[in-house]
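This report describes a single model from its overall make-up down to individual residues. It begins with backbone details in the loops and then turns to the core and the packing of helices.

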Amino acid sequence: MTTPFDHQPGTGAAVPPPQCPAHGLGPGGLRRLYGTEAEQDPMGLYEKLRAEHGPVAPVLLHGDVPAWLVLGHSENLYMTRTPSLFSRDSRRWRALQDGTAAPDHPLAPVFTWQPICVFADGAEHERLRGAVTDAMAHIDTRSTRRFINRYSNRLVNDFCQDGKADLVSRFAEHLPMMVMCQILGMPEEYSEQLVQAARDMIKGTETAIVSNAYVMAALNRLVAQRRSAPREDFASRLITHPAGLSDDEVGQHMRLVLIAAYETTANLIANVLRMVLTDPRFRAQLSGGHMTVPEAVEQTLWDEPPFTTIFGRWAVGDTELGGQRIKAGDALVVGIAAANIDPVVRPDPSASMQGNRAHLAFSGGAHECPGQDIGRAIADVGVDALLMRLPDVELAMGEHELSWTGSLMSRHLDRLPVTFAPRPPQDIMVAPSPAAMPPARTDWEVTSHAPAEAPAVPRPAPPAEAPATGTPAPAATVPGQRGTAPKRLWRALTSWWRGY
């Protein structure tokens, strides 16, 4: 039995030359995980690979370096939960050992081994990962949600008087970085350049290595400051943790947390807002109380996961996975988006997944994202704050005109232009006042899957006034919602929700 990687050029087989763009195929007829097809229609590419090869498919990375893309949900879980067979130590990669994947490879910032938990297994992974999770455990959730809300309203204040904005560049790309800089302990480092460097360094571009160096320089400055004068922040807790992390280990782990939380959350916010703005049923469930913002976020994690793939795992020895023979040193890619639409676990991709967290948006196993709750909080509070301030927000272009920029690991929305009635800025230190409800919209354009509607259930008439103490947090105010809460109740609700 041979594997697709056994093909060697020059054997007489009629195959496209290296870098041939035709149909996204490379040497041996293997499909590329980069280029036009992979970037413009990754889901379509995954389905082609599934039809051709089953749950595990041979693919080519940048420079036509071979790897395996794991498409099946159960196969991804098995791979991520079995480090004895599939290691996170990239030094095992045969392409790295023979020079096929050179140090200047566009994906080098992603696969180059570093002294961090992402590239460790066993006891070393437990030591490093334990320091990260312990530092995260000390993050004040209530205080963080207040910061998220204030930063969200600060961003909205920057464009609310204009009556129009691009919610990707003016909101989704900035909110996660503002919050993460605050959590790490370096709010003064937040800048447009840091935002763009964070986005660029995982794209596999020619400037990725330079962008990585810029981010690391900011983090190393923070490590030096906190080593001499610790404070109550994430960086200081890593430095003073009993695991005894070196300065290099601290800096690299902060890079890991910053970039993982930033990229995923920026994409998640943009995807949730796109669903709200383009799908009337999705929006109606929010406005009608059939879906909360956190539930909307969870549905989006199924349909539009912020990371489409994660690279990678490396085979410890010869083995089999999904009917394919994997050789020692082979690279494997966690197929997050492909696994989320695996027909074995999700026969109907249009079905609502409310209440189901079996998606792989945050990977799985021992290396499952430790900061996923922070990402969820940023998206939940941020989307809620924006919709509360701009309840009449509408997409300013046809849904078919939206475009995405793709890379190996993610696919993010280029622009999300919207319009709304201009309104004055609000004091970000106090709870915002609800805006007037807009008229119902009838000219919807729907091209995305809609969650299944819940059956109608008769509801008793609400009491005239509910007590303020212990009242649940309010849902986001969105178009189509009828009526407003009494002022006294509204003040109690918003005060409880934001922690004032």
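## Loop residues with positive phi

Ser363 counts as buried at 8% relative accessibility, where buried means under 20% relative accessible area, exposed over 50% and partly exposed in between, with a 1.4 Å probe and protein chains only. Ser363 lies in the loop between α16 (336-340) and α17, and its phi is near 65°, a positive value in a residue other than glycine. Helices (H or I, at least four residues) and strands (E, at least two) are DSSP runs, numbered from the N terminus.

Asp64, in the loop between β2 (56-61) and β3 (65-70), also has a positive phi in a residue other than glycine, with a value near 60°. Asp64 is buried, its relative accessible area being 12%.

## Basis of the model

The model is predicted, so that local features need pLDDT of at least 70 and side-chain atom pairs count only at pLDDT 80 or more, whereas totals for chains, interfaces and linings use all residues. Residues are numbered from 1 along each chain as its sequence is written, and side-chain values use heavy atoms, with hydrogens and water left out.

## The chain as a whole

The chain contains 18 helices and 13 strands, and 55% of its 500 residues count as buried. Among contacts between residues at least 6 apart in sequence, 72% join residues at least 24 apart, a contact being heavy atoms within 4.5 Å.

The structure holds zero disulfides, a disulfide being a pair of cysteine sulfur atoms within 2.5 Å. Cys117 counts as buried at 5% relative accessibility, while Cys369 is partly exposed, with a relative accessible area of 24%.

## The nonpolar core

The largest nonpolar core has 127 residues, and those with the most contacts inside it are Leu61, Trp93, Phe234, Met254 and Phe311; such a core is a set of buried Ala, Val, Leu, Ile, Met, Phe, Trp, Tyr and Cys residues joined through side-chain atoms within 4.5 Å. Helix α13 gives the most to this core, with 16 residues.

Leaving aside residues up to four places away in sequence, Phe234 touches Val132, Ala135, Met136, Ile139, Ile183, Leu184, Met254 and Val257. Phe311 is joined to Gly312 by a cis peptide bond with omega of about 5°, and Gly312 is found in strand β6 (residues 310-315).

## Helix α13 and its partner α14

Helix α13 (residues 247-278) packs against helix α14 (residues 280-287) at an angle of about 100°, with the axes 5 Å apart. This makes α13 roughly perpendicular to α14, since angles of 65 to 115 degrees count as roughly perpendicular, those under 35 as roughly parallel, those over 145 as roughly antiparallel and the rest as oblique. The contact is made by Val272, Met275, Val276, Leu277 and Thr278 of α13, together with Pro280, Phe282, Arg283 and Leu286 of α14. The axes are lines fitted to C-alpha atoms, for helices over the stretch in contact, and angles run from 0 to 180 degrees between N-to-C directions.

Asn271 also has its place in helix α13 and counts as buried at 2% relative accessibility. Not counting residues up to four places away in sequence, Asn271 touches Thr300 and Glu304.

## A buried proline

Pro391 lies in the loop between α17 (372-389) and β10 (394-395), and at 0% relative accessibility Pro391 counts as buried. Pro391 and Ala421 are 30 residues apart in sequence and 9.4 Å apart in space, C-alpha to C-alpha.
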